[in-house]
Amino acid sequence: MAAVASVSFASITQSPGRKFSIPSSHRCLVSNFSALKLRSPGGSCKFRSRSSRSGVAVHCMSAAAGKLHSLSRGFQYPPTVAETKSNFLKAYKRPIPSIYNTVLQELIVQQHLMRYKKSYKYDPVFALGFVTVYDQLMEGYPSDEDREAIFKAYIEALKEDPAQYRADAQKLEEWARSQSPTTLVDFSSREGEVEDILKDISQRAGSKGSFSYSRFFAVGLFRLLELSNATEPTILDKLCIALNVNKKSVDRDLDVYRNLLSKLVQAKELLKEYVDREKKKIEERAATQKANEAIKKCLGEYQSAGRVDADCIIEVALSSKGSDSVD
């Protein structure tokens, strides 16, 4: 161990890329390894045996230099969840009502984890599923323009193309409307753009490690069945078999999706009741204020003229009646 201890890691980490030679007399320390890698807080060192005569070469690299080396070879570190959320908030800076924002923040975390899995590959069924969930979540949003701006910011925060999501979702919806339950399942025996998409998914899903299943994909399948008027439960079984997708996973995720929709409906109903109640209160306050102003006006006239005329009495009565009618 004395030979290894004699190597100064402080000097190593300060000199990225520098090589040190260990005398052949000490190579017994690493004779059982063709390569040995040690890490320090500032970087790493590799001990590699070149030959029995030339000894062992030590190549050290700092953490920063190592990252640059990886990037130069084409490898890119994926962003963190916090970075993705930050990109979304930077792209859309207006406040979002909490009933929508809470669900959006949960979705973007889930989709970030899906997006940066090694096996992830964008496909139109996934896009259809997300667009379906998003549109149902944001249904009733105060502004159509803001709804689309949020969609754009959300997808771009994940470094994907919102226009492609919309276009592919529309393409699959139009295709599904023209299908029967039988032709939907029998896509593998027919030619066409969407059929080729489904064939590619089936091929990747059938080979280990090249397909990333997700809840959005399950919702996309459900949407295809819905638009083709496939009401028989066996159709979903057949479609899952044709696509090499686990039916149990699809059933589980569709249950989660239905529960989400149910909660959204309840939350939106509560929101509507709250908005209606607040609107009524505002109208009541406005009517009361109007009646008070009319009374003050008549009292002012009474004090100046020493009497209250008939017109003033009628005006006050009408104002009071209007205030009562709001209740």
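## The second largest pocket

Eight nonpolar, two polar and four charged residues make up the lining of the second largest pocket. The model is a predicted one. The second largest pocket holds about 290 Å³ of space. Its lining counts 14 residues, and the closest to the centre are L107, Q110, R215, V256 and L260.

Which elements give two or more residues to this lining? They are α5 (98–115), α11 and α13 (247–305). The largest share comes from α13, with six residues.

## Where α8 meets α11

Helix α11, one of the elements that line the pocket, also packs against another helix. Its residues are 215–227, and its partner is α8, residues 162–177. The two axes come within 7 Å. They cross at roughly 35°, and the crossing is right-handed.

Which residues make the contact? From α8 come L172, E173, W175, A176 and R177. From α11 come R223, L224 and L227. By class, the contact has five nonpolar and three charged residues, and no polar ones.

R204 belongs to helix α10, which covers residues 193–206. Is R204 buried or exposed? Its relative accessible area is 9%, so R204 is buried, given that buried means under 20%.

What does R204 touch, leaving aside residues up to four places away in sequence? Its contacts are K121, D123, S210 and F211.

## Two loop asparagines with positive phi

N229 is not a glycine, yet its phi is positive, about 60°. The residue sits in the loop between α11 and α12 (233–243). N229 counts as exposed because its relative accessibility is 63%, and the cut-off for exposed is over 50%.

N244 also has a positive phi, near 60°, and is likewise a residue other than glycine. Where is N244 found? It lies in the loop between α12 and α13. With a relative accessible area of 42%, N244 is partly exposed. That value falls between the cut-offs of 20% and 50%, which is why N244 is called neither buried nor exposed.

## Drawing the parts together

Helix α13 gives six residues to the pocket lining, and the loop with N244 lies between α12 and α13.

Note on methods: Residues are numbered from 1 along each chain as its sequence is written. This is a predicted model: local features need pLDDT of at least 70, side-chain atom pairs count only at pLDDT 80 or more; totals for chains, interfaces and linings use all residues. Side-chain values use heavy atoms; hydrogens and water are left out. Helices (H or I, at least four residues) and strands (E, at least two) are DSSP runs, numbered from the N terminus. Buried means under 20% relative accessible area, exposed over 50%, partly exposed in between (1.4 Å probe, protein chains only). Contact means heavy atoms within 4.5 Å. Axes are lines fitted to C-alpha atoms, for helices over the stretch in contact, and angles run from 0 to 180 degrees between N-to-C directions. A crossing is left-handed if the near helix is turned anticlockwise from the far one by less than a right angle, and right-handed if clockwise. Ala, Val, Leu, Ile, Met, Phe, Trp, Tyr, Cys and Pro count as nonpolar, Asp, Glu, Lys and Arg as charged, and the others, Gly among them, as polar. On a 1 Å grid over the protein atoms alone, a cavity is a set of points where a 1.4 Å probe fits but cannot get out, and a pocket is an open set with protein on both sides within 12 Å along at least five of seven lines; lining residues have an atom within 4 Å of a point. Grid points are joined across faces, edges and corners, and a volume is the space filled by probe spheres set on the points.
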